[in-house]
Amino acid sequence: MTASASEPEERALEAALRPKNLDDFVGQQRVRRQLSLVLEASKIRGRTADHVLLSGPPGLGKTTLAMIIAAEMNAPLRISSGPAIQHAGDLAAILSSLSEGEVLFLDEIHRMSRPAEEMLYMAMEDFRVDIVVGKGAGATAIPLELPPFTLVGATTRAGLLPGPLRDRFGFTGHLEFYATAELELVLRRSAMLMDMKVNSAGFAEVAGRSRGTPRIANRLLRRVRDWALVHGIEQIDARGASEALDMYEVDARGLDRLDRNVLHALCTKFGGGPVGLSTLAIAVGEETETVETVAEPYLVREGLLGRTPRGRIATAAAWAHMGLAMPANAVLAAGQGTLGFGPDDGDDQD
């Protein structure tokens, strides 16, 4: 099968794995309970649901929840994203074509342009936008009434949303990383849909390497499925899952090749740090943004990397995970560092 033929199949499989209602959605108990109440109250009142803002790291189910909201309200769903709306006219075109009760999902809503953002204020509050016709002194604003709709905004960086926009959402839900037991439930459902035979130990092995993220868990499960298919294995156990994921360079703590390269460079080339982010990125042959946004958050969350005003440092846990002896000067540096993104984090200079 060619790559072009397999891509639609993978997308179709990913869509099939998405739960279709709140009852099938695993995890996020608090958000699910609150959102269910909001939707049920809207149906009782016979009105469109309040605007919903979903925040949290990638892969936790924000897009899936937007689809579920539309399904629960028996309404059509329109999908767009912040980066695609760079002018107020782009947003006006989308809003003017909405039907009554439709759900508009804007992914990465914090990346919308400021003019479009300001137009959205009035649309969310009054279901109206002003279309400016002409330029200069002869310009006139023509009010355009909009049918009631529900906006679902998703963001991975809620702090970048301006207060006026954030305040116009009737419900705000923050999605947390999943526990291993919750990921096992996600994997069991996915395995059933993919007609895979996996025992409990196999599920636990995959879940433990999934970084608390359902999207990663499902991706790893598909790779384990491929490995089992090629090797003619009918039922996957912990050993089989481990061998498959080791081949794809995902270790027992969920670290991939990039994560380990960052830790290895930090420990062996820079003595555990501190070292500037751009220097570290050059050492592993990656862009600075890739190291900062892809590898660093998980390494910090796992307590393997620390951030200090002077740069990044490897913790004692990082040295142990890499199987390296921690020198005395690294012990001192680690003792002076912070594991989070606290107020003492500066933009380290090289």
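Predicted model: local features only at pLDDT ≥ 70, side-chain atom pairs only at ≥ 80, totals over all residues.
Local features require pLDDT of at least 70 and side-chain atom pairs count only at pLDDT 80 or more, while totals for chains, interfaces and linings use all residues. Residues are numbered from 1 along each chain as its sequence is written, and side-chain values use heavy atoms, without hydrogens and water.

**Helix 12 and helix 13**

- Helix 12 (residues 277-284) packs against helix 13 (residues 288-301) at about 90°, with the axes 8 Å apart; helices are DSSP runs of H or I with at least four residues, numbered from the N terminus, and axes are lines fitted to C-alpha atoms over the stretch in contact, with angles from 0 to 180 degrees between N-to-C directions.
- Helix 12 is therefore roughly perpendicular to helix 13 (65 to 115 degrees).
- L277, S278, A281 and V284 of helix 12 meet T288, V291, E292 and E296 of helix 13, where contact means heavy atoms within 4.5 Å.
- The residues of this contact comprise four nonpolar, two polar and two charged.

**D259**

- D259 lies in helix 11 (residues 257-268).
- Its relative accessibility is 1%, so D259 counts as buried (under 20% relative accessible area, with a 1.4 Å probe and protein chains only).
- Leaving aside residues up to four places away in sequence, D259 touches R211, G254, A295 and L299.

**Helix 5**

- The 13 residues of helix 5 (residues 114-126) should span 18 Å at 1.5 Å a residue, which agrees with the 19 Å between its end C-alpha atoms; the expected span is 1.5 Å times one less than the number of residues.
- Buried residues in helix 5 are A116, E117, M119, L120, Y121, A123 and M124.
- F127 follows helix 5 and has a positive phi, near 50°.

How values were computed. Helix = DSSP H or I, 4+ residues; strand = E, 2+ residues; numbered from the N terminus. Parallel < 35°, antiparallel > 145°, perpendicular 65-115°, else oblique. Nonpolar A, V, L, I, M, F, W, Y, C, P; charged D, E, K, R; others polar. Buried < 20%, exposed > 50% of the residue type's maximum accessible area, 1.4 Å probe, protein only.
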